[in-house]
Amino acid sequence: MTIYTDGSYSNQTNVLGYAFCIVEDHTIKEFSDAFILKKGSSTIAEIIAVTKSLEYCKKRGIESPVIVHDYNELPFLAFGYRKSPPSMYSFVRHLRSLTKKVKPRFRKVEAHKKDDKYNNLVNKLAREAMQKFIAQREQATKFSD
């Protein structure tokens, strides 16, 4: 099973978006969401995208997925080869605990390369989830005034 992941973060609104898509047997399953995270970052968004995909695998008993990502440091953080900054510690700790149960293999792709349609898809889904969340918050604010 191959899973493409990506994340996005807006410093301006403190909204984090993530997405992953599962590509298996010519079928694509898309997942995305967004939420508020004060003091977040695009790096944390990338980690959360992978974490959510591994949670999906763990729930369904899926072992050894190939995680396709475009953030260089991801496997180093996931397997403990790099120390995480304090701001990312809890996210990396959760990622590491999942990698011990699911046993992913990581494959790095170049970010936003035109011919990688699934990497571009998850990038688009993460941004759209973030934009939708922001628009819904703005709409709710208008109605509460």
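**Close-up views of selected side chains**

**View 1. Arg82 lies over the face of Phe76, 4.4 Å from the ring centre.** A charge counts as over a ring if NZ of Lys or CZ of Arg is within 6 Å of the ring centre and within 35 degrees of the ring normal. This is a predicted model, in which local features need pLDDT of at least 70 and side-chain atom pairs count only at pLDDT 80 or more, while totals for chains, interfaces and linings use all residues. Residues are numbered from 1 along each chain as its sequence is written, and side-chain values use heavy atoms, with hydrogens and water left out.

**View 2. The rings of Tyr4 and Tyr118 form a tilted pair.** Six aromatic pairs are present in the structure (ring centres of Phe, Tyr or the six-membered ring of Trp within 6.5 Å; planes under 30 degrees apart are stacked, over 60 edge-to-face, the rest tilted). The Tyr4 and Tyr118 pair is tilted because the planes stand at 50 degrees, with centres 5.3 Å apart. Tyr4 is in strand β1 (residues 2-10) and Tyr118 in helix α4 (residues 117-144), 114 residues apart (DSSP runs numbered from the N terminus: helices H or I, at least four residues; strands E, at least two). Tyr4 and Tyr118 are both buried (under 20% relative accessible area; exposed is over 50%, partly exposed in between; 1.4 Å probe, protein chains only).

**View 3. Phe79 and Phe106 pair edge-to-face.** Their centres are 5.5 Å apart, with 80 degrees between the planes. Phe79 is partly exposed, at 36% relative accessibility.
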